[in-house]
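Let's take a friendly walk through this structure, one region at a time. Please keep the view open as you read.

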Amino acid sequence: MKTDNRIKIVCGHYGSGKTNVCVNLALLYKKMFPSTEVALADIDTVNPYFRAADAVKQLEDSGIHTIIPEFANTNVDIPSLPAELYSLFSKDSKTVSFLDVGGDDGAAALGMYSDLIRECGYEMIYVISKYRPLISDVDAAADLMNIIEEVSHLRCTAIVNNSSVGQETTRDDIINSLDYAHKVSEKCGLPLLFTSYYHDLVGDISKEGEKFFPMKNVTKQIF
Amino acid sequence: MSNKVLMKGTEAIAQAAIECGCKYYFGYPITPQTELSEYMAKKLPKVGGLCLQAESEVAAINMTLGAAAAGTRVITSSSSPGISLKSEGISYMAGCDLPCVIVNVQRGGPGLGGIQPSQQDYYQATRGVGHGDLRLLVLAPSSVQEMAQLTVEAFDMADIYRMPAMILADGALGQMMEPVDFDSIPRRDIPEKPWAACGHNNERKKNIVNSLYIDPQVLENVVDERYKRYDVIEETEARCEEYLCEDADIVLVSFGITARICKTAIKAAREEGIKVGLIRPITLWPFPKKNIAAIAENAKVFLSVEMSKGQMIDDVRLAVNGKAPVHFYGRTGGMIPTPEAVLENIKKLAEEINA
């Protein structure tokens, strides 16, 4: 992660683990730079449940300000976003802001803010997973990135490999996804920032020349 | 697709349908199942199929009827209010003896209700979807793997018994993600469809697919014949999972996502020495009444746990047949029961039977 771009955007295919990556990155950033004001905004307008809004308490307890759509986790799906979002893009703001974006073309919600975001300076992480069928093909993953860039009016700046088969993920599943991740990275012409994974499931991982990001699973658990 | 993949429940249903040769999807978007149509829209054209967003649920179910009448595998999906709209067409399909798979990813009701998960359409699925003397095969998955597996089985059973089959899921199962293995799904032998209206080329008598019978006696005969098939299904197709029932004093009955919550509560109760088990109906029609009746011989009390005000409990009571009291715990309106709340109910019953 760079420190000079104030707006950090996490986008990708739905179900690729964007929310987990976004929340874990925000928590890490706040830990590394405790005196910096950090915010996380849930700007997912397409997903009815399992979203950043579920992690509000954990984020707020860690000193991260959260901005959540008024109707998130309610009984209606009204794709409205709170006006407070504009405060993140104010010229006077120094807050480092993580934006958890809706999957696929749900990134269209970014479009209306794209001029402001560009003025602030941003990086946009494209999250990929080898084990999600609609992007398991390298070309399909690259095509989806183009769609997201088109609808968001912004450019992706890096790839994060979050290849996971949920609770059954093994160390081999993660290692076996690296080749895919490098191929997507090459096809998209973007650096592979790191490979993220649930630390609780597989413990520490290392491989020469590869960067790994151990994460906590923040997904809402029903049972 | 040979390797394990991570999928949403709705996607798993869609991919399973494609894997077992279904090339036609007709539907109309509604939360929380729209990913199913999105997946079909992306995938079906690539396998020479067709995904069509109809102008309404009513149109979608009648397109489904048409495709089924032509003898092809076809699927439609919706969520609660959309299934209500489809019910007329579902009744026509039952009356025409047409196989198809209908997916209901339930949300809170009644009316527009809400978008959060529910199991409030149990009555609708097992009793009252559409008019007339009719039954649907109703399958209740409890995991994303079962969303895939029961979809394949629903297609097979629909073809074997020439009737619509319903996958009764809920929003949580539709939206949550788990690994899926499509290769392990069992398949059955499927009969030919000599009745299909798919063009006779002047080589055979024309087939007519119809639910209108001018002579009441003929209609009664047709319905009677259909009920003979329903009898076979009730006799042979009822399925459930029995979990820790052997020594159980308290037996929970729960299906779908709620059964997963019950298992967590049961594990916790067992750690405290409470003898509790679970019967998880996998088929809601036919209802696994024989299994429940057998367990009722030794169980002291039953607890039906549902995301509704209590609908399946009627079938549990009929199956238990007065051998033991049947209690209820449920949440409604899109609220999901917590394992802690289920555990509390188990503890209360444990105190009562020990008192």
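## Where the chains meet

In this predicted model, about 2400 Å² is buried between chain A and chain B, and 61% of that area lies on carbon and sulfur atoms. Chain A brings 22 residues to the contact, while chain B brings 33 residues.

Which residues of chain A lose the most area to chain B? They are A:Tyr49, A:Asn75 and A:Phe223, which together make up 29% of what the chain A side buries.

## A seven-stranded sheet in chain B

Turn now to chain B, where seven strands form an open sheet with mixed pairing, in the order E3-E2-E4-E5-E7-E6-E12. Strand E3 (50-53) and strand E12 (283-285) of chain B sit at its edges; each has a single partner strand, so one side of each has no neighbour in the sheet. On average, and with direction ignored, neighbouring strands of this sheet are turned by 20° against each other.

Strand E4 (residues 74-78) and strand E5 (residues 100-106) of chain B run parallel and are joined by four bridges. You will find B:Ser78 opposite B:Asn104 of E5 in chain B.

## Backbone details in the loops of chain B

Most peptide bonds are trans, and most residues other than glycine have a negative phi.

A cis peptide bond links B:Gly109 to B:Pro110, with omega at about 0°. B:Pro110 belongs to the loop between E5 and helix H5 (122-128) of chain B. Another cis peptide bond, also with omega at about 0°, links B:Trp285 to B:Pro286. Here the proline, B:Pro286, lies in the loop between E12 and helix H10 (289-296) of chain B. As for phi, B:Asn201 has a positive value near 50° although this residue is not a glycine. B:Asn201 is part of the loop between strand E8 (177-180) and helix H8 (216-236) of chain B.

## The second largest pocket

The second largest pocket has a volume of about 360 Å³. It is lined by 13 residues, of which A:Asn24, A:Leu27, A:Leu28, A:Lys31 and A:Lys216 are the closest to its centre. By type, the lining holds five nonpolar, four polar and four charged residues.

Which elements supply at least two residues each of this lining? In chain A, they are helix H1 (18-32), helix H8 (199-202) and strand E8 (212-215). H1 of chain A gives the largest share, with five residues.

Terms used. Residues are numbered from 1 along each chain as its sequence is written. Chains are lettered from A and ligands numbered from 1 in the order in which they are written. This is a predicted model: local features need pLDDT of at least 70, side-chain atom pairs count only at pLDDT 80 or more; totals for chains, interfaces and linings use all residues. Side-chain values use heavy atoms; hydrogens and water are left out. Two strands pair if DSSP finds at least two bridges between them. Axes are lines fitted to C-alpha atoms, for helices over the stretch in contact, and angles run from 0 to 180 degrees between N-to-C directions. On a 1 Å grid over the protein atoms alone, a cavity is a set of points where a 1.4 Å probe fits but cannot get out, and a pocket is an open set with protein on both sides within 12 Å along at least five of seven lines; lining residues have an atom within 4 Å of a point. Grid points are joined across faces, edges and corners, and a volume is the space filled by probe spheres set on the points. Ala, Val, Leu, Ile, Met, Phe, Trp, Tyr, Cys and Pro count as nonpolar, Asp, Glu, Lys and Arg as charged, and the others, Gly among them, as polar. Contact means heavy atoms within 4.5 Å. Buried area is the accessible area (1.4 Å probe) that two parts lose on being put together, summed over both.
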